[in-house]
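User: I am new to this structure and would like to learn how to read its features one at a time. Please give me the general idea first, and then the case at hand.

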Amino acid sequence: MTDIAAHSEAEVVEAVRAARDWKSPLNIVGARTKRAFGRAVASWGTVLDLSELSGVVAYEPEELILTVRPGTPVAEIEALLAAKNQQLGFDPADWAPLLGAPANAGTIGGAIAANVAGSAAIRYGRARDHLLGFHAVNGLGEPYKAGGRVVKNVTGFDLPKLMCGSFGTLGPLTEITLRVFPEAPLSATLAVTGVDAETGLALLRRIWSSPLEATGLAYVAAEAVAVVRLDGAREPLAEKLALARDLLAGHEIFEIDGGDALFRDLGSGAPFLGSAFDVWRIAVPPAGAAQVAAQIASPLWYADWAGGMLWIGTNGADLHEIAGTAGGHATLVRASEETRGRIDVFPPEPPERAALTRSVKAAFDPLGLFNPGRMYEGV
């Protein structure tokens, strides 16, 4: 296996053209914190390492726009934004420890490629909702750009959304433009204790459908507790807390410390650290979350996004059918290589969608060079 470390877009172009000429696949990586996520691929070919393609291209705090190279560490970006009281709205979760990699090492390119998002996505949306534009290289070795620097900049196909969650199968990114958000001056977290899943998730949906704009809505089954995070300046936050207490009336409610750390842990799958469980994330309609969890009957599970995202531990089970029957879809985030070879990591695609996926892949990567087999057979 050969490693090519790219330091510029020109070097990425050169690497892709060489791979095209030799018809040799490229394994596109950054900090390699998600190598254990995805299908167990037998041969990775040549490694195209983008971790050195790093740094801030432009940051305009007054315009809430940030342009960076894909190898830039997420931790570095968060520190830069925090100095201006700003943040990445999609709250990029750090899955590295869950996958056996060092914490705080992930890159922004990896976050976009995996479309990761933490608990605050209930308020701000996922990574795909924040990528304004990008530069990349296609399978012919041609650099191109898509999107732009404003939210309403879509003409034709919305390629930034297509690139999010593609796991590098559509090609290497060389530049990323994101919108950022002001950071709330204060936050507070309420805990409703002693509630079963059905009750706790119903309370979270009540908060979600209110005008409170919560930035965290989770149910932790092991503790039988529902937690609600609210943000704002002092007086507006006090008003939000009062309204939330009214909506949660009839139950034991406590304001707890460390809410931000709690939601960061939940978004990153930290409750599964030290366990031997396979780890699944199941996106379901929130109203059906309790029923899905009861059907699976896992000893370790919790719900984020008011029930819209379930984290569930299993021992070799395949949860795709259960998720599909509930109107959702399941992704196997952590498992052994043997299990990932036996069970689909990503939701199985019906024939019509599979054909569309292959067509999109062929348009960006006609020779099948980029991360072949990373998501589906031949994709």
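User: Which helix gives the largest share of the lining of the largest cavity?

Analyst: A cavity is a set of points on a 1 Å grid over the protein atoms alone where a 1.4 Å probe fits but cannot get out, and its lining residues have an atom within 4 Å of a point. Helices (H or I, at least four residues) and strands (E, at least two) are DSSP runs, numbered from the N terminus. Here the largest share, four residues, comes from H3. Please bear in mind that this is a predicted model, in which local features need pLDDT of at least 70 and side-chain atom pairs count only at pLDDT 80 or more, while totals for chains, interfaces and linings use all residues. Residues are numbered from 1 along each chain as its sequence is written, and side-chain values use heavy atoms, with hydrogens and water left out.

User: How many cavities of 30 Å³ or more does a search of the whole structure find, and which residues lie nearest the centre of the largest cavity?

Analyst: A volume is the space filled by probe spheres set on the grid points, which are joined across faces, edges and corners. The search finds two cavities of 30 Å³ or more, and the largest of them has a volume of about 410 Å³. Its lining holds 27 residues, with Ile28, Val29, Gly30, Gly110 and Ala113 lying nearest the centre. The elements that give two or more residues to this lining are S2 and helix H3 (108-114). Sorted by class (Ala, Val, Leu, Ile, Met, Phe, Trp, Tyr, Cys and Pro as nonpolar, Asp, Glu, Lys and Arg as charged, the others, Gly among them, as polar), the lining has 12 nonpolar, 11 polar and four charged residues.

User: What is found in and around the second largest cavity?

Analyst: The second largest cavity holds about 160 Å³ of space, and of the 17 residues that line it, Val74, Pro92, Ala93, Asp94 and Gly106 are the closest to its centre. Helix H2 (residues 74-82) makes the largest share of this lining, with three residues, and the lining as a whole divides into nine nonpolar, four polar and four charged residues.

User: How is a pocket read, and which residues are closest to the centre of the largest pocket?

Analyst: A pocket, unlike a cavity, is an open set of points with protein on both sides within 12 Å along at least five of seven lines. The largest pocket has a volume of about 1,200 Å³, and the closest to its centre, of the 41 residues that line it, are Asn115, Cys164, Gly165, Arg353 and Met375. At least two lining residues come from each of helix H5 (159-163), strand S15 (278-283), strand S18 (329-334) and helix H12 (351-364), and H12 has the largest share, five residues. By class, this lining has 26 nonpolar, eight polar and seven charged residues.

The second largest pocket has about 420 Å³ of space, and among its 21 lining residues Gln87, Asp91, Glu183, Arg229 and Arg264 lie nearest the centre.

User: In which order do the strands of the three-stranded sheet lie?

Analyst: Strands of a sheet pair through backbone hydrogen bonds, either parallel or antiparallel, and two strands count as paired if DSSP finds at least two bridges between them. This open sheet has the order S1-S3-S2, with parallel pairing. Strand S1 (3-5) and strand S2 (26-29) are at the edges with a single partner strand each, so one side of each has no neighbour in the sheet. S2 is joined to strand S3 (residues 46-49) by four bridges, and Ile28 has Leu48 in S3 as its bridge partner. Helix H1 (residues 9-22) packs on this sheet and touches S1, S2 and S3, its direction making about 155° with that of S2; contact means heavy atoms within 4.5 Å, and angles run from 0 to 180 degrees between N-to-C directions of axes fitted to C-alpha atoms, for helices over the stretch in contact.

User: What is the strand order of the five-stranded sheet?

Analyst: The order is S4-S5-S9-S7-S8, in an open sheet with antiparallel pairing. Strand S4 (56-60) and strand S8 (143-147) are the edge strands, each pairing on one side only. Strand S5 (residues 65-68) and strand S9 (residues 173-179) share four bridges in the antiparallel sense, and Thr67 has Thr177 in S9 as its bridge partner. H1 also lies across strand S7 (131-137), S8 and S9, running at about 50° to S7.
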